[in-house]
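This report describes selected local features of one protein chain. Please consult the sequence and the structure shown here while reading.

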Amino acid sequence: DFKRVSSIYLASDKRGLNMLEREYDIRRKHGLPVGFLDAGTLFSTHHIEGPGALKNREAAQMDCYKAATGLLKHHIKKSGLSLFSHTEIVEYKERRGGYALLTGDGMTIRCKYVVVAAGFEAGKFLPRRVMNLISTYALVSQPVEPSQLWPERCLIWETAQPYFYMRTTLDNRMMIGGEDVEFRNPERRDRLLRWKIRRLEKKFKGFYPEIPFVVDMAWCGTFSSTDDGLPYIGPWPGRKRMFFALGYGGNGITFSMIAAQLIKNKLKGIKDERENVFGFER
Ligand SMILES: Cc1cc2nc3c(=O)[nH]c(=O)nc-3n(C[C@H](O)[C@H](O)[C@H](O)COP(=O)(O)OP(=O)(O)OC[C@H]3O[C@@H](n4cnc5c(N)ncnc54)[C@H](O)[C@@H]3O)c2cc1C
């Protein structure tokens, strides 16, 4: 379910437009592929009323669940990877030359290295708080006729905070989301869902009132981000054999790939300059 589609980063207001103009210059300076759409072009090509947008033709969408489970299946088959799902690590002990991890059902796993990739729940493995937790909301519509969807079926997101984004699926549904709020507890997050559904639907209708959007399913989830917006990838100072990969924010697809490359390089003793950007000592 991987598909190349263009993406539109929409200025929600004048401030957003100024930010996108700066972003455009920076991307151009570093040779990244990007285009700028002024208000007129944005309306004529994408039927969106707005002050302007960045357009990127080098973009893609995929089904993350299929990608993650597909990767695991591939490595189980190809390299004999052992996978223990639904196995909680409740405690760990540093041993000479590695770690002993205690599972929720009382088993012990011994290993030379540990990679803690426990998402927004990784905090308990760290001596200090480095993550901010955020709840986010998403909806998927019933399928529509392909001809009813917006031009190029591009990925659309905007500069406003909380933001709004939308995309289509291969079976001609629309997936929209955003409305992020600070996470306090799962009950509060879930209680807000009905209200958030209405807000997201309204937001969509503001963009494309002519497209019939009938909600088929809605959900919410929590992710973690950091104060400077970059994830932490690497060992905690002093714990050479315990690696962390956390705080991806809303960019889990991109940052998880960088985390995999960085940690693999570290384990193989290959120098990787990105350590300085993503490490805990930055
Ligand atoms: C609704 C929603 C929409 C999003 N949309 C996008 C998007 O469009 N693009 C994008 O790039 N990102 C998106 N994100 C963000 C992305 O999902 C996250 O950044 C990413 O999933 C984080 O990956 P992770 O591996 O760190 O953690 P997770 O994906 O949360 O995985 C952590 C795993 O660790 C397990 N775990 C936790 N504690 C323990 C323990 N003690 N022992 C054993 N296992 C444990 C958990 O059960 C879980 O399986 C979205 C997030 C949400 C909630």
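## Basis of the report

This is a predicted model, in which local features need pLDDT of at least 70 and side-chain atom pairs count only at pLDDT 80 or more, while totals for chains, interfaces and linings use all residues. Residues are numbered from 1 along each chain as its sequence is written, and side-chain values use heavy atoms, with hydrogens and water left out.

Glu152 lies in the loop between strand 10 and strand 11; strands (E, at least two residues), like helices (H or I, at least four residues), are DSSP runs numbered from the N terminus.

The phi angle of Glu152 is near 65°, a positive value in a residue other than glycine. Arg153 is also placed in the loop between strand 10 and strand 11, and its phi is near 50°, again positive in a non-glycine residue.

The peptide bond from Gln161 to Pro162 is cis, with omega near -5°. Pro162 belongs to the loop between strand 11 (155-158) and strand 12 (164-168).

## Glu121

Glu121 occupies the loop that links strand 9 (114-116) and strand 10 (132-141). Its relative accessibility is 48%, so Glu121 counts as partly exposed. Glu121 and Trp150 are 29 residues apart along the chain, and a distance of 37 Å separates their C-alpha atoms.

Definitions and conventions:
Buried < 20%, exposed > 50% of the residue type's maximum accessible area, 1.4 Å probe, protein only.
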